[in-house]
Each structure stands twice: as C-alpha cells, then as structure tokens.
Amino acid sequence: MIRSICVYCGSAAGNDPLFTESARDFGARMAASGVGLVYGGGNVGLMGTVAKAVLDGGGDVTGIIPEFLKKKERVLGDVHNLIVTEDMHQRKQLMFEKADAFVALPGGVGTLEELIEMLTWAQLGRHQKPVLIANIAGFWKPLLVLLAHMRESGFIRTGFEVHTLVAEKIADILPMLEAAAARHGQAEAGQIAF
C-alpha cells in the first residue's frame with residue numbers, strides 16, 4: 001500500500017505553465033487519496049506548488065531540507081514535519097526511508113540526480129519501491145531515450161534492468177503506483193514474479 005510518496009521536482013517552476021498546473025493537480029490528488037508527501041522542504045518552484053496543494057487538500061507533508069538550503073529554497077513553514085539535515089546525503093537517505101514510492105516531476109540537475117539514485121539503488125537490489133517518471137509535456141523524453149540507448153548498447157544488461165513506470169498524465173500516477181505495489185506484494189507472497 002502506498003502511504004507516502006517522495007516527489008522529486010524543481011525548485012523553479014520552469015517555463016511551461018503545465019508544469020505548475022501538473023504539480024498542483026498531483027498534490028491535490030495525493031491529499032484526496034490520503035497519500036502523504038515527502039519532499040525537499042522548499043517553498044519555491046514546483047516543490048512549493050506540490051506541497052501547498054497537498055496542504056490545501058488537508059494532506060500530510062514531510063519536508064526534509066539540509067541546513068545550507070534553508071534560505072535558498074525558503075523553507076515551507078506549514079509542513080507537518082520539517083526535518084533539517086546536516087547534508088544532502090542525510091536528506092536523501094531520510095527521503096528514501098520515509099517514502100513508499102518515488103515520483104519525478106519536471107526539474108533540474110538535482111531532480112535528475114535524485115531520480116537516478118533511486119533507479120540505481122533499485123537496479124542494485126537495494127529496494128523494490130516503485131519509481132515513476134511523470135513525463136509531463138514530454139519533459140523526460142530525452143532521459144527515456146538515453147536509458148533505451150544504454151540498454152541497446154549493452155550497458156543495462158539482463159538481470160540489471162532499470163524498472164521505471166512512466167506516466168504521461170497526472171491522473172495515471174497514483175493508479176500506476178498502487179498497481180506496482182500490489183504486484184510487488186504478490187511477488188513477495190510467491191504468487192507472481194515482480
């Protein structure tokens with residue numbers, strides 16, 4: 001069961017209004033479904049938008065931010081649980097521990113790095129939590145092409161696949177995550193292979 005989702009996304013809004021609309025929509029859907037948000041703790045960009053939407057819908061929000069980013073990303077003080085870490089490594093570890101799944105909305109280098117780390121950990125068998133790429137307006141298409149190229153070039157080998165879910169629409173995210181979690185639960189029970 002998905003009780004909380006770690007959302008990786010930009011501390012900027014990007015230049016397509018659809019990015020902000022999508023972050024707001026996803027936050028509202030999370031709150032309406034009773035799914036808590038784990039995120040980077042900021043009050044700016046898509047990060048702030050998704051967190052405020054969850055809060056506006058009465059949902060639970062955990063923000064995790066390193067001390068050195070508190071001013072730059074302007075901490076969102078309304079979160080239910082704010083955790084200030086010493087560094088990025090501690091932040092990412094806590095985000096991992098507190099989430100049942102991971103979603104990447106559009107973002108920059110930091111978002112990409114967080115997403116790739118979760119994919120790497122899954123590839124190495126360190127977790128089996130669902131990882132979903134929200135391909136809003138085709139934002140992540142270059143990454144998906146790169147992953148396919150790595151596979152075709154023999155750098156993502158059999159047994160070391162990168163399992164990602166890709167949603168083109170915000171409305172598909174929660175159902176896809178729930179279905180993946182259900183498949184995983186059945187696999188653990190020996191009913192199907194995950």
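This dialogue discusses how to read several features of a predicted model.

User: What conventions apply to this model?

Analyst: The model is predicted, so local features need pLDDT of at least 70 and side-chain atom pairs count only at pLDDT 80 or more, whereas totals for chains, interfaces and linings use all residues. Residues are numbered from 1 along each chain as its sequence is written, and side-chain values use heavy atoms, with hydrogens and water left out.

User: What average pLDDT does the chain have?

Analyst: In general, pLDDT is the predictor's confidence in each residue, on a scale from 0 to 100. Here the chain averages 92, and 95% of the residues score at least 70. Over residues 189–194, however, the pLDDT is below 50, and this stretch has ten contacts in the model beyond near neighbours in sequence. A contact means heavy atoms within 4.5 Å.

User: How many helices and strands does the secondary structure of the chain contain?

Analyst: Helices (H or I, at least four residues) and strands (E, at least two) are DSSP runs numbered from the N terminus. By that reading the chain has six helices and seven strands. Their order along the sequence is β-α-β-α-β-β-α-β-α-β-α-β-α. The radius of gyration of the chain is 16 Å, close to the 16 Å that the globule rule gives for 194 residues, so the chain is as compact as a globular protein of that length. That radius is taken over C-alpha atoms, and the globule rule is 2.2 Å times the number of residues to the power 0.38. Along the principal axes, the C-alpha atoms fill a box of roughly 45 × 35 × 35 Å.

User: What percentage of contacts between residues at least 6 apart in sequence join residues at least 24 apart?

Analyst: The figure for this chain is 68%.

User: What percentage of the residues in the chain is buried?

Analyst: Buried means under 20% relative accessible area, exposed over 50%, and partly exposed in between (1.4 Å probe, protein chains only). Buried residues make up 45% of the 194 residues. The chain exposes about 9700 Å², of which carbon and sulfur atoms supply 53%. Such areas come from the Shrake-Rupley method with a 1.4 Å probe, and for residues only the protein chains shown count as cover.

User: Where is Met30, and is this residue buried or exposed?

Analyst: Met30 belongs to helix H1 (residues 17–33). Met30 is buried, with a relative accessible area of 0%. Leaving aside neighbours within four places in sequence, Met30 is in contact with Ile5, Val7, Val35, Gly36, Leu37, Val54 and Leu174. Leu174 lies 144 residues away along the chain, yet the two C-alpha atoms are separated by 7.8 Å.

User: In which strands are Thr62 and Ala134 found?

Analyst: Thr62 is in strand S3 (residues 61–66) and Ala134 is in strand S6. Thr62 counts as buried at 9% relative accessibility, and Ala134 also counts as buried, at 0%. Beyond four places in sequence, the contacts of Thr62 include Leu37, Tyr39 and Lys98.

User: Where do Ala137 and Thr164 lie?

Analyst: Ala137 is in the loop between strand S6 (131–134) and H5, and Thr164 is in the loop between helix H5 (141–152) and strand S7 (165–167). Ala137 counts as exposed at 53% relative accessibility, whereas Thr164 counts as partly exposed at 25%. Ala137 has a positive phi of about 55° although it is not a glycine. Leaving aside neighbours within four places in sequence, Thr164 is in contact with Leu119, Val131 and Ile133. The C-alpha atoms of Thr164 and Ala122, 42 residues apart along the chain, are separated by 9.6 Å.
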